[in-house]
Amino acid sequence: MGLHTAIRVAVTALALSACLAGGAQAAEPEKSGKADQCRGVDMLAETKARDPELFSKIMAQADTVRNGDALLWKVERDGAPASYLFGTVHLTDERVTRLSPAVHQALKDSKTVALEVADLSEAATTKVIAKSAPLVIYKDGRRLDGLLTDSEYETVKKVIARSGMPVDLAASYKPWIVTMILSVSDCERKKKQEGAKVLDMQIAEIGKARGMDVVGLQSIPEQLKDEALVPEAQQLKMLRTSLKFADRTNDLMETLVQLYLNRKIAALLPFQIAIARQIGIGDDAYAAFQTKRLIDRNIRMSNAAAPLLEKGGAFIAVGALHLPGDKGLVSLLRSAGYTVTPIE
């Protein structure tokens, strides 16, 4: 359904278009009107009204996930100033980017800002994709239209066209990149093209304005490899789920925003799996996502953050899904000997 990829939109449609279409100009996206029209329907609230039993199961599963009820954490160990861990969503929504007093104070108390990736600009992304084309497009003669049904591929072409990318390249894209494109609504895409910045980039700007060092825990090539390492069969299942909800992208993003604002981010994956089941997609579709995109990356980011935490005074801002769980960043840092305390 593409909701999880809204938490990490490292590749923009414009960057892909410029790289894969030999620098062609992207078409003007559909106008979305007022910014608040980006807001859709909370699909989890919809589930609660339509199927209370399923809603209860989703939330009960979320409640079993450790460290899933806070976004800002204080990280401490004797001998160094305190650091902070903050979960983000990579969206421009004003409800998300309006930082709380506690987050502002944590930034004020820090000396270094660490993001998943330090530079997510279009220029940086395009440069990387130009060197990583085999991760994004088929080079072995296969085509996406040969892996999907006719109706599924027709939906892909419509989504590609709306994103401003060349439709004649649609068959070349690997499934994961189409799922990523599906994760961003036309309205959100338009806001970014008009200069609106996602939460992570706003945090980076605050850090730079205060003279703080701004660093990345990963590189864009590493993130692309993580996406591409998910087995193709699972990529296709996740894409098929996304295509079923291609006309509800604003609703999916609204669901993510509500989970984020209500500190219920641990319900995201159970919700995804539940609605995938409803259209006949098995739980295994998300197994590699949990391993490659979350657990493996959590370990690498924890290792990359270690020198910053040893020094202290670090404000670490990463996608909120990387925080909860037995192998989430909060648990990993505690296992490394840090006291990690929820703030909000």
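The model is predicted, and residues are numbered from 1 along each chain as its sequence is written. Local features need pLDDT of at least 70 and side-chain atom pairs count only at pLDDT 80 or more, while totals for chains, interfaces and linings use all residues; side-chain values use heavy atoms, with hydrogens and water left out.

**View 1. Helix H9, residues 150–163.** Helices (H or I, at least four residues) and strands (E, at least two) are DSSP runs numbered from the N terminus. The 14 residues of H9 should span 20 Å at 1.5 Å a residue, and the end C-alpha atoms are 20 Å apart, which agrees; the expected span is 1.5 Å times one less than the number of residues. Glu152, Tyr153, Val156, Val159, Ile160 and Ser163 are buried in H9. Seen down the helix axis, the buried residues of H9 fall within an arc of 115°, so they line one face; the arc is that of the directions from the axis to the C-beta atoms. Asp150, Ser151 and Lys158, on the other side of H9, are exposed. Buried means under 20% relative accessible area, exposed over 50%, and partly exposed in between (1.4 Å probe, protein chains only). Just after H9, Gly164 has a positive phi of about 90°.

**View 2. Strand S1 and its partners S2 and S6.** Strands S1 (residues 72–76) and S2 (residues 83–88) run antiparallel and are joined by 4 bridges. Two strands pair if DSSP finds at least two bridges between them. Trp73 has Leu85 in S2 as its bridge partner. The hairpin of S1 and S2 has 6 residues between the strands, and Gly79 takes a positive phi near 100° there. S1 is also joined by 4 bridges to S6 (residues 339–342), again antiparallel. Here Glu76 stands opposite Thr339.

**View 3. The 1 aromatic pair of the structure.** Phe86 and Phe315 form a tilted pair, 5.9 Å centre to centre with 45° between the planes. Rings of Phe, Tyr and Trp (its six-membered ring) pair if their centres lie within 6.5 Å; planes under 30 degrees apart count as stacked, over 60 as edge-to-face and the rest as tilted. The pair links distant parts of the chain, with Phe86 in S2 and Phe315 in strand S5 (residues 314–319), 229 residues apart. Phe86 is buried at a relative accessible area of 4%, and Phe315 is buried at 0%.

**View 4. Arg77 over the ring of Tyr338.** The charged end of Arg77 sits 4.0 Å from the ring centre of Tyr338. A charge sits over a ring if NZ of Lys or CZ of Arg is within 6 Å of the ring centre and within 35 degrees of the ring normal.
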